[in-house]
Amino acid sequence: MTNKSVGRFPDPHDFKVPKELEGWEDMYPPQRLFSQDRAEWEKRHFWFQDKIHAPEPLYPLDDIFQEAWQIALSQYTTRVFCIPPAQGIAQRIVGCYMYITPVEPPPPEVIGKKAELFGKRVPYVFQNYNKLWEHWYDRFQELGKEMEALKIPSEFDEFVPEHEVMPIPKGYTQAQDLIESFNTIISLIFKAWQFHFQYLNLAYLAYLMFVDTARKLFPGIKESTIGKMVAGADVSMFRPEEELCRLSRLAMSQSPVSKVLKKDVSAAEKIKELQGSEPGRMWLEEMERIKNPWFYVSCGSGWYHYEGSWVTKMDVPFSYLKSYVERLEKGEKIERSLTSISEERDRIVAEYRALIKSDDDRKSFDDAFNVVRSIYRYAEDHLFWVEHWLHTIWFRRIRDFGNLLAKYNVLKQPDDIYLFNRFEVPMLLEDLATSWALGVGAPTRGKYWQEKAAKREKILEAARNWHAVPALGVPPTEVSEPFTVMLWGITTETVSEWLKGADVKGAGELNELKGFASSAGIAEGPARVLKLLEDIVKIQPGEILVAPCTNPSWAPVFTKIKGAVTDIGGLTSHAAIVSREYGLPAVTGTGVATSTIKTGDIVRLDGSTGIVTIVKRAK
Amino acid sequence: MAEKWIYWLRELGTEHNNIVGKKCANLGELTKAGFHVPPGFALGVGAYERFMKETEASDRLLAYLKTFKADAHNVEDTMKFEAAGTEMRKIVESIKMPPDMEETIRDYYAQLCKETGKKDVFVATRSAGPASHPGQYETYLNVSGPDEVVRNVQRVWSSTFNTRSIIARARLDLPLHHDPIGVAVLTMVDAKAAGVMFTVNPVNGDESKVALEASFGFGEAVVSGNVTPDRYLVDKVTYEIDEKVISDKGAEFVYNPATREMEYKELPPDRRKLPCLEDREVIELTKIAKKVEAHFGCPQDIEYSISRSLEFPESIFLVQARPESVWGKKKKESVLGKKTGWQLLFEKATTPIKLKTD
């Protein structure tokens, strides 16, 4: 690496990305880039690549979620609940990848002031969580409905219809609808992300507190065991899969339906065939009934427009339905047993509790457990509603704008809208609206936008082929920001592991990876590296899944695989939770698994130690 | 009626500590509680006392000691004690046991053969004192046939006159000619592997773990420290094997039928680094250890053997259980300092996590 390094990772200000990426800065607003004017502050921080939220190069419009969480996550720590020594998380983009840093602690007098507010505000949340959650849920539903209801024209009228002119004039036209709807949808997505973090910081903090408490009592307790103790079983995140199981059973009771579902044809053809029979229609009706919200689940992380959701890629849920029906026919059980999951959790908690020797400690343990249990399900529930349900709506509505822009040749294709950031899209829309308003024959700058889009697509392609460095700047000596520890798993070990990974460029040399021991057990087998859910069809039984991270829509995959390895995610990440439930070994948060392991490599993972070994490289 | 001096293990419990010694009392307790213990019988300290009193043993020992003068605190006198020990053991072993005692031991042994379905069943004759004297007295393994059993019981008695025992008594100003102990006569387990386990992690006192050590062959290899054993750390609640260290075990402690002695036999290179336990055995042992701890109500130090001829899980035998001596005695003080959940949360929120970045 030719870059000069400060500490052990390159200094972001001197860091040069490959020349194929030239012009990437143009895609993002200036406040999101490293800058000389902020160099002194930036140099004091440790910037690591955020592979949870941005494992892939960022399309400018997909960057909006990142912008939104930078504000929302940070403010709940600094200005709302006031976690005393912690500050927010700042973001920067380098070569289309996002790097983040926990901001250095505030001055001591601020810590004191925050402690006072923390003491007043935080207990309220824990004492009233159930009520607060209901309130949260209602408001979030409203927000989603509002986004669904936005008026986005599918085409421009040649002339405004009569009823908008008389008897009561509307007073404005589609041009205004277009501009206004985009402004509103931006405002709504930012607000949704404000809600996203309403209780998340505290849920994570409570979890970390419980880990500490359990460790003091049982120095050797595994974090995977703690995960089992606090995790909820009946959370929204698992509902989509449960609905699939239910639909599969329903199909089994109507043999014409299950026969169609088992066919090797597309979802569209299956739906068409089902419409032709009474039982088929009834089954489809049931599916339609639950589709919103339970099929509003991303096929990926929910962070990228191209991932799609079940509702937009019906082949995905239909492939699961096929395998569920086949398994039911073989007499297998397809549902997770909620009862046995909760019974196992209760047993573990009770047995550990019984091992505590002093009455005082048992009391503190109970109290700590109640604190974490009272709020922890938020960490699992919010995920479905924000990243999956609402993002599904968002992507569909944004595509409506894209369709319109493509229809009038401002863009070549609808998805090209994602090549423009949220400050730029209004320019395109205004351009289009102006051209319509001007009358017949007034040109847009379509050519200019389309050339820009093509150039940006090339840059993103180059970025995908670039093995971005895991971190920049100086590793910190201490961290108090709860997300940094819990979500990104930043510890002494991860930092040094990244340093190891940073030295070997890409795959080939590193043969042992270390991550979180998320689900106990040992598995060995051929690796299947999956970056997109669409590739899921390639997975063979007995393979070991290697992915950047997984999410609820991946759940059915876990019945096929022998074990799971992810780049990102701690012990309460989706992959960790599901693996524990299916009794599969899992190592999460390795940082470099998808770039180090190749499909076909024989890997061995030990879910008790967190070590993944590449036993044999594929030829 | 004469006082009872011989017992089946199943007749014993911890309340018999002073009569048959801790080891036998505990093994009896384990047997009664339903644990898998090699069948056997125990001679109480009363048997030792009868032997000494009813034969000329005591008189002859006392006569010998009249001329013996040595200072136990003076290292240079060690040789004198050694000579005395050899002489005293010779005296004890040369005396014939009272006929009714010998007859009784033979009867018990015959019954043991019948119960185990084996002719001349192999047994171990072990010392068992009311107070713990680890490693002080002798144990004789692979004893077979009634004559040998009788002879070796007597050898265990005479081991109270081995050099280290008489020096120990001399230093404490205790009588040198008399130190009643019990003797355990236990059927041998044809051990393919054996070892010890603690129901607490001896490294940090974590009571949610069972720490196991195991080596090929008989357990003496692990207990004596002559072999580096395989080590396991298992979670008592989840039964996950947290740590597994397979060592180069070098040798196994086995019976040599030719010499009729126990000996260390070097392992062939391809076996040295093989795990000597299967994972399912490790998990089963952990479950057993948990039950033993629950039965006695405090952390335990347990010796086990795994038979090569029996099917899992019948193959697993407990051969010893006693309170763990380090962590078991520590007073349990609060580690969380009487804090409420809210206080713990506040503490967490205000304490940054240090990262080592040098």
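Predicted model: local features only at pLDDT ≥ 70, side-chain atom pairs only at ≥ 80, totals over all residues.
What is the mean pLDDT of chain B, and what share of its residues reach 70 or more? The mean is 90, and 96% of the residues of chain B reach 70 or more. The model as a whole scores ipTM 0.81 and pTM 0.82.

Four strands of chain A form an open sheet, and their order is β4-β5-β3-β6. The pairing in this sheet is antiparallel. Its edge strands are β4, residues 89-94, and β6, residues 471-473, each of which pairs on one side only. From one strand to the next, the twist averages 25 degrees.

One pairing in the sheet may be followed in detail. Strand β3 of chain A, residues 46-49, is joined to β6(A) by three bridges, and the two run antiparallel. At residue level, A:F46 in chain A stands opposite A:G473, which belongs to β6(A).

A helix accompanies the sheet. Helix α2 of chain A, residues 63-80, lies across β4 and β5 of chain A, the latter being residues 97-102. The direction of α2(A) is at about 160 degrees to β4(A).

I turn now to a pair of helices in chain A. Two packed helices are described by the angle between their axes and the distance between the axes. For helix α7 (residues 223-230) and helix α13 (residues 338-355) of chain A, the axes come within 8 Å and cross at roughly 120 degrees. The crossing of α7(A) past α13(A) is left-handed. Which residues of α7(A) meet α13(A)? They are A:T225, A:K228 and A:M229, and their counterparts in α13(A) are A:R345, A:I348 and A:V349.

Finally, let us consider chain B. Is helix α2 of chain B, residues 22-32, mostly covered or mostly uncovered? Helix α2(B) is mostly covered, with ten of its eleven residues buried. The buried residues include B:K22, B:K23 and B:E29, as well as B:A25, B:L27 and B:L30. What do the buried residues of α2(B) pack against? Their partners in chain B are α1 (17-20) and the strands β2 (40-43), β3 (123-128), β5 (182-187) and β13 (316-323). Just after α2(B) comes B:G34, which takes a positive phi of about 95 degrees.

Conventions. Residues numbered from 1 in each chain as written. Chains lettered and ligands numbered in written order. Pairing = 2+ DSSP bridges. Axes fitted to C-alpha atoms, helices over the stretch in contact; angles between N-to-C directions. Contact = placed C-beta atoms within 7 Å. Left-handed = near helix turned anticlockwise from the far one by under 90°. Buried ≥ 20, exposed ≤ 12 C-beta atoms within 10 Å, placed from the backbone. pLDDT = per-residue confidence, 0-100.
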